[in-house]
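Look over the model below before reading on. The text then walks through its helix packing, its surface and its charged contacts.

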Amino acid sequence: MTRQDLFTIVLLSWIGLAPAIALILLKIAAPYGRHGKGSVGPRVPARLGWFLMELPALLVFPVLAVASGGLDSPVLLLLLGLWVLHYGNRAVVYPLRLTAGSPMPVVIVASGVAFNVINGTLLGLGLSVFDAPRGIEWLADPRAWVGTLMFLGGFALNLHSDQVLRGLRRDGKGGYRVPQGGLYRLVSCPNYLGEILEWTGWAIASWSLPGLAFAVWTAANLLPRALTHHQWYRRTFPDYPKCRKALLPFLL
Ligand code: NDP
């Protein structure tokens, strides 16, 4: 068995684990934010938690890709650019702009760090070490530009939806309100939908097994959380809009 075969087996096993995690998250919501009120050990301020959790994502994949000569490949440069756009926001801008997020349990920060290190390593190895980056002709392939457009659309939706949530606490009173406007007219968690679209688009643009693995893991994390948020909204606000779905307009 070659090292490439072994890497493929690791990736397939990693993908196979995601649905099991999704099933667990349907039963037990990840204990942060509105679902983290119980006793889950020590906590850190939300801003610090997000920064520590997402910093490895901002670093690991780019460092591995650059160290293996990724800057010479226009395709890898495109994927890296999209990556840094997202994680520059998530690790630095998002925490700085957070108004009053609930303190983050250390156990969530630690599991986020572990996930981001594993994911970044798999992407770095898969896209720039085990497989040579695709040639420049890939940029003319519809998968490259459809995936890129999907990523950018998802990014815009994620940014806007996170901004709507921040606006709900602008008066400094804390607590939860019913979000309005944008895609909140149709779903409870357009920020999660945007994030899923981003990484599905990125997976299509990379047309790679590690890219697929990350998209599957993102959906496995965020689909259960969207369903749990949606049920929570319905329980908490008796006048919650009936036509609003959890994640997918008109469907789910
Ligand atoms: P949430 O929507 O649960 O919360 C985002 C922020 O808005 C929190 O500060 C929260 O406060 C606040 N908030 C949420 N709903 C309301 C409301 N109705 N009224 C007032 N304030 C509200 O998102 P997450 O914290 O789970 O995720 C944040 C971002 O990170 C999202 O963009 C998401 O896509 C991304 N993410 C990505 C993951 C991935 O696997 N790629 C995994 C998890 C998140 P509080 O903290 O007090 O609840």
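What follows takes the helix pairs, then a surface patch, then the salt bridges.

This is a predicted model. Two packed helices are described by an angle and a distance, each taken between their axes. Begin with helix H5, residues 142-167, and helix H6, residues 190-206. Their axes lie 7 Å apart, and the packing angle is about 160°. An angle over 145 degrees counts as roughly antiparallel. H5 is therefore roughly antiparallel to H6. The crossing of this pair is left-handed. What kinds of residues make up the contact of H5 with H6? There are 13 nonpolar residues, nine polar ones and four charged ones.

Now move to H3 and helix H4, the latter spanning residues 106-130. Here the axes are 12 Å apart, with an angle of about 165° between the helices. H3 and H4 are therefore roughly antiparallel to each other. H3 crosses H4 in a left-handed sense.

H3 also takes part in a surface feature, together with H2. Which helices supply at least two residues each? They are helix H2 (46-67) and helix H3 (74-97).

Charge pairing comes last. Side chains of opposite charge can pair when their charged atoms come close. The structure holds four salt bridges. One of them joins Arg90 and Asp162. Their closest N and O atoms are 3.4 Å apart, and the cut-off for a salt bridge is 4 Å. Why does this pair tie together separate parts of the sequence? Arg90 belongs to helix H3 and Asp162 to helix H5, so the link joins parts that are 72 residues apart in sequence.

How values were computed: Residues are numbered from 1 along each chain as its sequence is written. This is a predicted model: local features need pLDDT of at least 70, side-chain atom pairs count only at pLDDT 80 or more; totals for chains, interfaces and linings use all residues. Side-chain values use heavy atoms; hydrogens and water are left out. Axes are lines fitted to C-alpha atoms, for helices over the stretch in contact, and angles run from 0 to 180 degrees between N-to-C directions. Helices (H or I, at least four residues) and strands (E, at least two) are DSSP runs, numbered from the N terminus. Angles under 35 degrees count as roughly parallel, over 145 as roughly antiparallel, 65 to 115 as roughly perpendicular and the rest as oblique. A crossing is left-handed if the near helix is turned anticlockwise from the far one by less than a right angle, and right-handed if clockwise. Ala, Val, Leu, Ile, Met, Phe, Trp, Tyr, Cys and Pro count as nonpolar, Asp, Glu, Lys and Arg as charged, and the others, Gly among them, as polar. A salt bridge is a side-chain nitrogen of Lys or Arg within 4 Å of a carboxyl oxygen of Asp or Glu.
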